[in-house]
Each structure stands twice: as structure tokens, then as C-alpha cells.
Amino acid sequence: MELKMDVAELEAFLARDFPQVGDMFSILEVGAGTLKVRLNVREEHLRPGGTVSGPTMFALADVGIYLAVLAVIGPVGLAVTTNCSIDFMRKPVAGVDLIAECRILKLGRVLAVGDVLIYSEGDARPVARASMTYSIPPSG
């Protein structure tokens with residue numbers, strides 16, 4: 001897979017087309033079919049007990065694969081999630097950001113399938129794993 005967008009281009013795309021995410025995410029690195037992104041954990045991401053909420057971890061996985069797909073197909077804003085399966089494996093470490101390591105497993109003409117592992121920063125044990133499928137709109 002060839003890269004069509006780098007970190008700066010992906011960040012500019014997010015700022016322009018998805019300003020509602022603000023500074024919630026930081027793209028750490030992008031490769032051909034891979035992407036690493038940080039969730040800057042804030043108070044609004046926590047649920048009772050001081051852990052990051054499941055919907056917040058879903059958002060991290062979803063944005064991560066979305067950006068990984070855009071990195072190789074270009075700025076196609078209408079690519080959308082068509083399926084997600086997420087396993088929550090352990091409670092995230094309190095008070096630290098989450099890191100998602102994303103990889104595209106298959107990139108077709110119409111669908112992209114990816115896998116995401118989410119970690120508490122500084123801990124090698126994954127807190128969640130997600131399988132994501134994206135629909136890619138027809139070009140033209």
C-alpha cells in the first residue's frame with residue numbers, strides 16, 4: 001500500500017472536516033497500512049470508577065482505522081464504518097492516555113478491514129481489541 005496522506009495532511013483533514021474532535025486525538029505515526037494514534041484522555045472520557053469509557057475506546061478505534069484508510073486512499077470524507085467488533089480485555093490504567101495501534105488487513109475497492117489494539121500508555125498489555133470494516137464510496 002502506498003501512502004497518499006502523511007501525518008500533517010491527516011491532521012489538517014481532521015481539523016477541517018471534523019473540528020468537533022478538537023485536540024482529542026494525536027497522530028503519532030503513519031505507515032503504509034498502519035497508524036498509531038493517541039487519545040488525550042480527559043475527565044469527560046471517564047466513567048465511574050476512574051476508567052476510560054467503552055464508547056471512548058470505540059471512538060479511538062474508529063478514528064484510528066478511519067485515518068489509516070484515508071492515509072492510503074486519500075481524503076475521502078465519506079468513507080464510513082460498516083461493522084465493528086470490540087473486546088474489552090482489562091481496565092485501562094488510570095490517569096494516562098490511550099494508544100491505538102491500527103493496521104489495515106485488507107483494502108479492497110469497496111471495503112477496508114482493519115484491526116486495532118488499544119493500550120494504556122506505558123503498559124504493554126492491550127486493554128481492548130477491535131475489528132473494523134469501512135465502506136469506501138465509489139470514486140468520481
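This is a predicted model: local features need pLDDT of at least 70, side-chain atom pairs count only at pLDDT 80 or more; totals for chains, interfaces and linings use all residues.
Local features were considered at pLDDT of at least 70 and side-chain atom pairs only at pLDDT 80 or more, whereas totals for chains, interfaces and linings use all residues. Residues are numbered from 1 along each chain as its sequence is written, and side-chain values use heavy atoms, with hydrogens and water left out.

Strand E1 (residues 25–31) runs antiparallel to strand E2 (residues 34–39), to which six bridges join it; helices (H or I, at least four residues) and strands (E, at least two) are DSSP runs numbered from the N terminus, and pairing requires at least two DSSP bridges between two strands. Two residues lie between the strands of this hairpin, in which Gly 33 adopts a positive phi near 95 degrees. E2 is also paired in the antiparallel sense with strand E6 (residues 98–107), over six bridges, and Leu 35 has Cys 102 of E6 as its bridge partner.

Phe 25 stands opposite Leu 39 of E2, and its contacts (heavy atoms within 4.5 Å) beyond four places in sequence include Val 37, Ala 59, Leu 60 and Val 63. Phe 25, Leu 35 and Leu 60 are among the residues with the most contacts inside the largest nonpolar core, which has 38 residues; such a core is a set of buried (under 20% relative accessible area, 1.4 Å probe, protein chains only) Ala, Val, Leu, Ile, Met, Phe, Trp, Tyr and Cys residues joined through side-chain atoms within 4.5 Å. Helix H2 (54–73) supplies the largest share of this core, twelve residues.

How values were computed: Buried means under 20% relative accessible area, exposed over 50%, partly exposed in between (1.4 Å probe, protein chains only).
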